[in-house]
Amino acid sequence: MRIGIIQFDPDVSAGTYGRWLEEWGVACSLVGSDDKGSLRFEEADALLLLGGHMGVGDREDHPLLQEFHALLPGLVARGMPVLGICLGGQLLADALGGRATARSRGERGVRRISLSREGECDPLFAGLPNPFVSFQWHYDSFDLPASAIHLASTGTCPGQAFRCQNAYGLQFHPEVDEPIIAGWCRRAGVDDAAVTEFREVHGAYQAASRKMLQNFLAML
């Protein structure tokens with residue numbers, strides 16, 4: 001099994017997901033903004049699309065975003081399993097006919113994610129409580145593609161998770177850890193209240209995040 005990890009922003013890594021994949025012996029190919037086109041898709045069994053400080057509307061300034069916006073419809077149609085996180089989820093939604101929306105429905109910090117009826121039955125969320133706890137750090141959001149199955153929401157941002165064939169788009173961040181959040185706070189010039197909040201739910205957060213990744217791998 002090989003996972004292609006697409007890192008649009010050098011400051012937004014795969015975090016715990018990258019470490020867990022390594023721990024579990026899953027081969028990974030990392031593609032960053034300087035490595036556009038280096039991943040041979042026929043050698044990847046699935047794609048992990050990470051987040052970033054930019055928006056989907058900025059893709060003309062970010063060639064890797066532009067490339068994947070064009071590639072994703074064909075990859076999804078061929079059945080490629082995809083897990084898009086935050087910017088990755090927004091990009092997936094927009095590429096499949098939905099709409100990434102700038103400066104709308106933003107959230108920061110710990111949130112409880114509520115599963116829809118379809119989400120409760122979806123294998124990605126098997127074994128998770130409803131609601132489950134996760135972490136948010138986004139200014140933009142997305143409207144779902146017409147073909148999408150809506151899987152999860154919050155009161156502020158209804159588009160938290162969707163599925164199109166074997167591709168999933170998530171608005172929340174299941175991959176972060178405390179150092180990543182602290183770095184984002186510094187980058188945004190805000191206090192570290194989000195770090196304290198994260199510590200308080202770390203056990204539940206990590207259990208839900210780990211189970212999601214295990215469920216995704218089990219579907220491959």
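Biologist: Where is the place of Pro131?
Modeller: Pro131 lies in the loop between helix 4 (117–121) and strand 7. Helices (H or I, at least four residues) and strands (E, at least two) are DSSP runs, numbered from the N terminus. This is a predicted model, in which local features need pLDDT of at least 70 and side-chain atom pairs count only at pLDDT 80 or more, while totals for chains, interfaces and linings use all residues. Residues are numbered from 1 along each chain as its sequence is written, and side-chain values use heavy atoms, with hydrogens and water left out.

Biologist: Which residues does the cis peptide bond join?
Modeller: The cis bond joins Asn130 and Pro131, with omega at about 5°. Most peptide bonds are trans, and most residues other than glycine have a negative phi.

Biologist: What is phi of Cys86, and where is the residue placed?
Modeller: Phi of Cys86 is near 55°, a positive value in a residue other than glycine. Cys86 sits in the loop between strand 4 and helix 3.

Biologist: Is Cys86 buried or exposed?
Modeller: Cys86 has a relative accessible area of 5%, so it is buried. Buried means under 20% relative accessible area, exposed over 50%, and partly exposed in between (1.4 Å probe, protein chains only).

Biologist: And what about Arg105?
Modeller: Arg105 also has a positive phi, near 60°. Arg105 is found in the loop between strand 5 and strand 6, and it counts as partly exposed because its relative accessibility is 26%.

Biologist: On to the strands. Which way do strand 4 and strand 11 run?
Modeller: Strand 4 (residues 82–85) and strand 11 run parallel and are joined by 4 bridges. Two strands pair if DSSP finds at least two bridges between them. Ile85 stands opposite Leu170 in strand 11.

Biologist: How many bridges join strand 10 to strand 11?
Modeller: There are 4 bridges between strand 10 (residues 161–164) and strand 11, and these two run antiparallel. Leu170 in strand 11 is the bridge partner of Ala161. The two strands form a hairpin with 2 residues between them, and Gln165 in the turn has a positive phi of about 55°.

Biologist: What pairs with strand 10 besides that?
Modeller: Strand 9 pairs with strand 10 in the antiparallel sense over 3 bridges. There, Arg163 in strand 10 is the bridge partner of Ile149.

Biologist: Are the residues of strand 10 and strand 11 buried or exposed?
Modeller: In strand 10, Ala161 and Arg163 on one side and Phe162 and Cys164 on the other are all buried. In strand 11 (residues 167–170), Ala167 and Gly169 point one way and Tyr168 and Leu170 the other way, and all are buried.

Biologist: Which residues touch the most other members in the largest nonpolar core?
Modeller: Phe125 and Phe132 do, out of 30 residues in that core. A nonpolar core is a set of buried Ala, Val, Leu, Ile, Met, Phe, Trp, Tyr and Cys residues joined through side-chain atoms within 4.5 Å. Helix 7 gives the most to this core, with 5 residues.

Biologist: What does Phe132 contact?
Modeller: Leaving aside neighbours within four places in sequence, its contacts (heavy atoms within 4.5 Å) include Arg111, Phe125, Phe172, Ala208 and Met212.

Biologist: A change of topic: where is Ala194 found?
Modeller: Ala194 is in helix 6 (residues 193–200). It counts as buried because its relative accessibility is 11%. Beyond neighbours within four places in sequence, Ala194 is in contact with Phe135, Trp137, Ile181 and Cys185.

Biologist: Finally, what volume does the largest pocket have?
Modeller: The volume is about 490 Å³. Of the 25 residues that line the pocket, Gly52, His53, Met54, Trp137 and Tyr139 are the closest to its centre. On a 1 Å grid over the protein atoms alone, a pocket is an open set of points where a 1.4 Å probe fits, with protein on both sides within 12 Å along at least five of seven lines, and lining residues have an atom within 4 Å of a point. Grid points are joined across faces, edges and corners, and a volume is the space filled by probe spheres set on the points.

Biologist: Which element gives the largest share of that lining?
Modeller: Helix 5 does, with 3 residues.
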